[in-house]
Amino acid sequence: MKALIQRVKSASVTINNELYSEIGSGLLVFVGVEKADGHENAEKLADKILKLRIFEDENEKMNLSVSDVKGEILVVSQFTLCGDCKKGTRPSFDNSAPLDKAVELYEYFAECVKQSGLNVKTGKFRAMMDVALINDGPVTFFIEK
């Protein structure tokens with residue numbers, strides 16, 4: 001599994017001009033599922049994201065996790081994270097998980113994150129989403145598990 005995480009002041013998902021979900025301060029997490037991924041990947045990725053120390057402490061050092069600051073999390077599926085752009089000019093998605101597996105693991109990942117007790121919202125799988133955010137920093141990381 002792959003995730004692009006952004007520390008945000010706020011983020012939202014709009015579908016068909018209607019607000020679907022929104023969060024305040026916390027993390028926007030884009031998730032891509034690959035063919036070889038399983039439940040263990042989702043669990044490890046969720047754990048890593050919940051513990052990653054990318055929020056500032058009282059000394060302005062990145063030393064606190066989203067769990068420490070009781071931040072909110074918005075999880076959005078994004079299969080394009082699995083795109084391979086090494087050859088040619090058109091991305092290859094051969095490594096992306098088939099639809100049924102991708103949906104199941106995306107939802108499982110979101111449930112793993114929700115077990116933290118934090119306010120967790122999601123996008124809608126396979127929907128055309130307008131994702132808006134106010135990046136905090138900017139602070140952005142790419143994680144693979």
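Accessible areas come from the Shrake-Rupley method with a 1.4 Å probe, and for residues only the protein chains shown count as cover. This is a predicted model, in which local features need pLDDT of at least 70, side-chain atom pairs count only at pLDDT 80 or more, and totals for chains, interfaces and linings use all residues. Residues are numbered from 1 along each chain as its sequence is written, and side-chain values use heavy atoms, with hydrogens and water left out.

**View 1. Surface and charges of the protein.** The accessible surface amounts to about 8300 Å². Carbon and sulfur atoms hold 47% of that surface. The protein carries 19 positive and 22 negative charges, whose mean positions lie 4 Å apart. Lys and Arg count as positive and Asp and Glu as negative, while His and the chain ends are not counted. Each charge is placed at NZ of Lys, CZ of Arg, CG of Asp or CD of Glu.

**View 2. Fold and dimensions of the protein.** The model contains 2 helices and 8 strands, which are DSSP runs numbered from the N terminus (helices: H or I, at least four residues; strands: E, at least two). Their order from the N terminus is β-β-β-α-β-β-β-α-β-β. The radius of gyration, taken over C-alpha atoms, is 15 Å, close to the 15 Å given by the globule rule for 145 residues, so the protein is as compact as a globular protein of that length. That rule is 2.2 Å times the number of residues to the power 0.38. Along the principal axes, the C-alpha atoms fill a box of roughly 45 × 35 × 30 Å.

View 3. Of the 145 residues, 41% are buried (buried: under 20% relative accessible area; exposed: over 50%; partly exposed: in between; 1.4 Å probe, protein chains only). Among contacts with a separation of 6 or more, 73% join residues 24 or more positions apart; a contact means heavy atoms within 4.5 Å.

**View 4. The loop between strands E1 and E2.** Asn 16 sits in the loop between strand E1 (2-15) and strand E2 (18-23), and Asn 17 is in the loop between E1 and E2. Most residues other than glycine have a negative phi. Asn 16, not a glycine, has a positive phi of about 50°; for Asn 17, also not a glycine, phi is positive at about 65°. Asn 16 is exposed, at a relative accessible area of 67%. Asn 17 is exposed as well, with 74% relative accessibility.

**View 5. A cis peptide bond at Pro 138.** Most peptide bonds are trans. The bond from Gly 137 to Pro 138 is cis, with omega near 0°. Pro 138 lies in strand E8 (residues 130-144).
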